[in-house]
Amino acid sequence: MDRRLALLCGLLLLSCLAFMTLGAVGSWEFLLQFRLRRLAALLLVGLCLSTATVLFQTIAGNRILTPSLIGFDALYVLVLTAMVHMLGLAGFAAIPAPAMFAINLAAMTGLGMVLFGVLLFGARGDMIKLVLTGIVAGILIRSLTEFLQRMIDPNEFQLIQAASFARFTHVDSGLLALTATASLPALVLAWRMRFRLDVLALGTELATGLGENPQRGRKQALALICVLVASATALAGPSGLFGLIVTALAYLVATGTRHAVMLPTAALVGCIVLVAGQTVMERVLDLSTPLPVVVELLGGLVFLFLVLQRHIR
């Protein structure tokens with residue numbers, strides 16, 4: 001194993017140990033069970049979002065693009081707002097958690113395939129067109145969401161606002177199992193595509209010359225991206241610019257750009273950021289501020305730094 005990957009594995013183990021043991025008071029049986037569920041959720045979300053971001057940047061051919069920037073998080077809030085608007089607070093609360101997870105997963109995967117498919121294949125390799133179209137699409141989705149939110153009860157609006165940020169305070173074991181069932185096969189398929197992704201990263205002409213069908217490969221990667229992001233978002237909520245931070249750090253840490261290296265590096269970095277960040281926020285600083293709020297701030301700074309760099313792929 002590469003030394004850097006081994007170091008990341010060590011840091012992740014230390015982060016997990018600190019998360020499980022720091023500030024432990026009371027029954028260890030209850031604490032371990034409660035914290036283990038949260039730890040599993042943090043690791044699963046980190047794996048899904050980091051892998052999906054690496055895949056998305058590969059098929060988009062740009063390291064500053066993420067599903068969140070193109071509007072995937074806005075899709076989640078739109079679906080949630082539409083359901084509350086149609087069913088009301090009582091009807092929405094009556095939906096069982098597994099059914100809600102399935103609805104969110106299906107709706108976001110389907111809408112994400114349409115959105116990303118139109119953006120990626122409509123831009124035809126023009127990155128400026130892709131970015132601008134994605135920003136406009138995100139604005140349209142958010143505008144429609146705000147329009148629906150203005151027509152609902154203030155209590156319903158408060159519910160939507162609370163669900164608009166990722167949350168790891170309470171994790172349902174059933175939802176955790178459903179997320180693992182949906183996302184783990186996608187993670188395995190993404191790993192099996194690692195060599196094909198190296199070819200797709202070379203561009204359409206070179207990939208075709210090497211025997212790869214770029215359009216088919218991008219569609220397959222796009223389906224995996226939608227399943228992974230939808231699974232993580234349905235479990236914990238939208239994570240904003242988390243993927244951008246993870247991939248930016250992963251490219252700094254990794255010894256090369258091959259996906260056999262980048263995928264595990266990004267996954268380890270993503271898990272470390274979530275687990276260590278949650279541990280520091282809760283156990284060291286004793287803050288109730290949600291971790292995604294800090295991630296959004298840091299992600300915005302990272303995005304500006306990447307945009308202002310002279311050499312951006």
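This is a predicted model: local features need pLDDT of at least 70, side-chain atom pairs count only at pLDDT 80 or more; totals for chains, interfaces and linings use all residues.
Two residues are in contact when their heavy atoms lie within 4.5 Å.

Thr 58 sits in helix α2. Its relative accessible area is 9%, and because buried means under 20%, Thr 58 counts as buried. Leaving aside residues up to four places away in sequence, Thr 58 touches Leu 197, Ala 201 and His 259.

**The largest cavity**

Helix α2 also takes part in a cavity lining. How many cavities of 30 Å³ or more does a search of the whole structure find? There are three. The largest cavity holds about 130 Å³ of space. Of the 15 residues lining the largest cavity, Leu 49, Ser 68, Asp 73, Val 229 and Gly 240 are the closest to its centre. By type, the lining is made up of six nonpolar, eight polar and one charged residue. Each helix in this table supplies at least two residues of that lining:

| Helix | Residues |
|---|---|
| α2 | 28-60 |
| α3 | 67-70 |
| α11 | 214-236 |
| α12 | 242-253 |

**Helix α8, with a bend**

Helix α8 covers residues 173-192, 20 residues in total. Where does α8 bend by about 30°? The bend is at Ser 183, and a proline, Pro 185, follows within four residues. Ser 183 is also one of the buried residues of α8.

Conventions:
Residues are numbered from 1 along each chain as its sequence is written. Side-chain values use heavy atoms; hydrogens and water are left out. The expected span of a helix is 1.5 Å times one less than its number of residues. The bend at a residue is the angle between axes fitted to the seven residues ending there and the seven starting there. Buried means under 20% relative accessible area, exposed over 50%, partly exposed in between (1.4 Å probe, protein chains only). On a 1 Å grid over the protein atoms alone, a cavity is a set of points where a 1.4 Å probe fits but cannot get out, and a pocket is an open set with protein on both sides within 12 Å along at least five of seven lines; lining residues have an atom within 4 Å of a point. Grid points are joined across faces, edges and corners, and a volume is the space filled by probe spheres set on the points. Ala, Val, Leu, Ile, Met, Phe, Trp, Tyr, Cys and Pro count as nonpolar, Asp, Glu, Lys and Arg as charged, and the others, Gly among them, as polar.
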